[in-house]
Amino acid sequence: MIKPKRLLSLLLRFIAFGTTLAAVILMATSHEKGTFFAVSYEAKYTDTPAFKYFVIANAIVTVYGFLVLFLPPGSPIWRLVLALDLVFIMLLISSISAAMAIAQVGKNGNPRAAWLPVCGQITKFCNQVTGALVAGFIALITYIILLLYSIYNFLNPLFEKA
Amino acid sequence: MALQNEDKLEVRYSSLQPKPKKWVLLMLRLLAFFATAAATVVMGLNKETKTLVVATVGTTPIKATLTAKFQHTPAFVFFVIANGLASIHNLVMIMGDLFGQKLDYKGLRLAMIAILDMMTVALISGGASAAAFMAELGKNGNSHARWNSICDKYKTFCDHGGGALIASFAALILMLIISVMSIIKLLIKPKPDSTTVVP
């Protein structure tokens, strides 16, 4: 029978993989075309380098999460997984931070720089991008929980000694 | 007899492990502190004022003053706050290294230092990347959203912001090295009864 610790870790990793995949899919398929008083506009995620970076970073973490799901419990590669978890958390934080900075300007505009908010005209695009950002956030929190859990498991002998 | 063997084993074990020298870590933390403090200060004092002549009434020109401050952009505010917190963290760690060697809490000192270092790396990376993409937007504009670039009008603001970003990225690399060294310090303590990591 699978030990409960292993089951919990597997469940968390599956959630993390699922949410990064959802973030990639939501952001990559966000696409809106329309006309606004005879001016045709089109909004895609490739318009902004921040959203492109978000898709690429989350795609890398999805592939990593998929590979880690199949790692057998006793192998010594788990120490490398601990280190790679930290690196990929940094990547996720940086990509979400960048995408949110640009999305905030798109939603609220910046009156001092004469940048008008564009979310009023492309509501469907904005909603889908918001969904992708929420999925990215959940993935980030899951990875942080996983990292703390791995560190706790690794340091458990140390705690018992103290 | 068994105790003597154990002592010999432990002495040999600890002399085989390469311990990172203490002054290397202290120097790196000092450099990281200077980098984050520089990034905070340069971006915090980032301000540019321009006066433009808007119209001419008779012979007196009417001037309008426009300022560019870092507070106008939430990404730059986050950048300043993140780097400020990181410099405070580095300062506390340096003080702890120099003056508080005996401070401990149930043997968890090294673990707390490692976890706090990881949190600071995450914070700096978030702040630096948000500010970097905002700066790219300000420099190149975005033709799809009809946003004009502002760097040709506020050159000094953009230059100072770029300098602060470079300092923050240097701090990020230094903090990453420091975090790795803290984790190594945490893991090389001889633990006789730890075998494999439980996933």
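This is a predicted model: local features need pLDDT of at least 70, side-chain atom pairs count only at pLDDT 80 or more; totals for chains, interfaces and linings use all residues.

Tutor: A:Asp85 and A:Arg13 form a salt bridge, their closest N and O atoms lying 3.2 Å apart; a salt bridge here is a side-chain nitrogen of Lys or Arg within 4 Å of a carboxyl oxygen of Asp or Glu. A:Asp85 belongs to helix 3 of chain A and A:Arg13 to helix 1 of chain A, so the pair ties together parts that are 72 residues apart in sequence. Helices are DSSP runs of H or I with at least four residues, numbered from the N terminus.

Student: Are A:Asp85 and A:Arg13 buried or exposed?
Tutor: Both A:Asp85 and A:Arg13 are buried, where buried means under 20% relative accessible area, exposed over 50% and partly exposed in between, with a 1.4 Å probe and protein chains only.

Student: How many salt bridges are there over all chains?
Tutor: The count is 3. B:Arg29 forms one with B:Asp117, with the closest N and O atoms 3.0 Å apart. B:Arg29 lies in helix 2 of chain B and B:Asp117 in helix 4 of chain B, so this pair ties together parts 88 residues apart in sequence. B:Arg29 has a relative accessible area of 2%, and B:Asp117 has 0%.

Student: And what about B:Lys155?
Tutor: B:Lys155 forms a salt bridge with B:Asp159, at 3.2 Å between the closest N and O atoms. B:Lys155 is exposed at 54% relative accessibility, whereas B:Asp159 is partly exposed at 44%.

Student: What covers the buried residues of helix 2 of chain B?
Tutor: The cover includes helix 3 (74-99), helix 4 (109-140) and helix 5 (155-187) of chain B. Among the buried residues of helix 2 are B:Leu25, B:Phe33 and B:Met43.

Student: Changing topic, how many residues of chain A are in contact with chain B?
Tutor: 40 residues of chain A are in contact with 44 residues of chain B, contact meaning heavy atoms within 4.5 Å. Between chain A and chain B there are 0 salt bridges.

Key
Residues are numbered from 1 along each chain as its sequence is written. Chains are lettered from A and ligands numbered from 1 in the order in which they are written. Side-chain values use heavy atoms; hydrogens and water are left out. Helices (H or I, at least four residues) and strands (E, at least two) are DSSP runs, numbered from the N terminus.
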